[in-house]
Amino acid sequence: MELTVKSSIENKDLARQRLRLWLQMLKATRHVESTLREKLREGYGTTLPRFDVLEALRVHPDGMKMSELSQNLVVSNGNVTGVVDRLVADGLAKRQTLESDRRASLVRITEKGRAEIEMMTQEHLGWIDGLLDQVSESDAARAISIMLDIRHKK
């Protein structure tokens, strides 16, 4: 009986510690995201969703279907559609109807969009590096491993 009580107490302590971990992960993520949003707005007059869509299109030069884009970014099709509409209007992306499926469209980055995102990604890398400069290489590797473990747990 004593072993069961001790084990139960340890499990509650571990559960509380994991809750504290989750809250700190959430706060850290919000801090980084908030800082990035501000820097993108101030430095480039753009938004984080626009940056994310342009970056996804940059790494897929042959283009992406809208559904692929929303899956890649883990957002709804409606959210992606609005961002893509604005990128197309600004000449940063182009949309083309697919011959094989008239309901689907392929989105590609334009040269203007590529030039803009390449400029932003270099600075973005520096911003992230600065925000996380107190994290050692080994701690970063371990944190990545932990995040992957959490995401892939069934």
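This briefing walks through the pockets and helix packing of the structure above. The model is predicted, so local features need pLDDT of at least 70 and side-chain atom pairs count only at pLDDT 80 or more, while totals for chains, interfaces and linings use all residues. Residues are numbered from 1 along each chain as its sequence is written, and side-chain values use heavy atoms, with hydrogens and water left out. Helices here are DSSP runs (H or I, at least four residues), numbered from the N terminus.

**The largest pocket**

- The largest pocket holds about 780 Å³ of space. A pocket is an open set of points on a 1 Å grid over the protein atoms alone, where a 1.4 Å probe fits, with protein on both sides within 12 Å along at least five of seven lines; lining residues have an atom within 4 Å of a point.
- The volume is the space filled by probe spheres set on the points, which are joined across faces, edges and corners.
- Lining the largest pocket are 18 residues, and the closest to its centre are A28, T29, V32, L132 and M147.
- By class, the lining of the largest pocket has 16 nonpolar residues, one polar and one charged. Ala, Val, Leu, Ile, Met, Phe, Trp, Tyr, Cys and Pro count as nonpolar, Asp, Glu, Lys and Arg as charged, and the others, Gly among them, as polar.

**The second largest pocket**

- About 190 Å³ of space lies in the second largest pocket.
- Its lining includes E33, R37, P49, D52 and V83.
- At least two lining residues come from each of α1, α2 (48–58) and α4 (77–89), with α2 giving the most, four residues.
- Seven of the lining residues of the second largest pocket are nonpolar, one is polar and three are charged.

**How α2 packs**

- α2 and α4 pack at an angle of about 80°, with their axes 10 Å apart. Axes are lines fitted to C-alpha atoms, for helices over the stretch in contact, and angles run from 0 to 180 degrees between N-to-C directions.
- α2 and α4 are therefore roughly perpendicular to each other (a term for angles of 65 to 115 degrees; under 35 is roughly parallel, over 145 roughly antiparallel, and the rest oblique).
- From α2, P49, R50, V53 and L54 meet V83, V84, R86 and L87 of α4 (contact means heavy atoms within 4.5 Å).
- That contact of α2 with α4 has six nonpolar, no polar and two charged residues.
- α2 also packs with α5 (residues 111–131), where the axes come within 10 Å and cross at roughly 110°, so α2 and α5 are roughly perpendicular too.
- F51, L54, E55 and R58 in α2 meet residues of α5 that include R114, I117, T121 and H124.
- The contact of α2 with α5 has four nonpolar, three polar and four charged residues.

**E55 in close-up**

- E55 is found in α2, and its side chain is joined to that of R58 by a polar contact of 2.7 Å. Such a contact is a pair of N or O atoms within 3.5 Å; within protein, one must be able to donate a hydrogen and the other to accept it, and residues adjacent in sequence count only if both atoms are side-chain atoms.
- Leaving aside neighbours within four places in sequence, E55 is in contact with I117 and T121.

**How α3 meets α4**

- The axes of α3 (residues 66–73) and α4 come within 9 Å and cross at roughly 110°.
- M66, S67, L69, S70 and L73 in α3 meet N77, V80, T81 and V84 in α4, a contact with five nonpolar, four polar and no charged residues.
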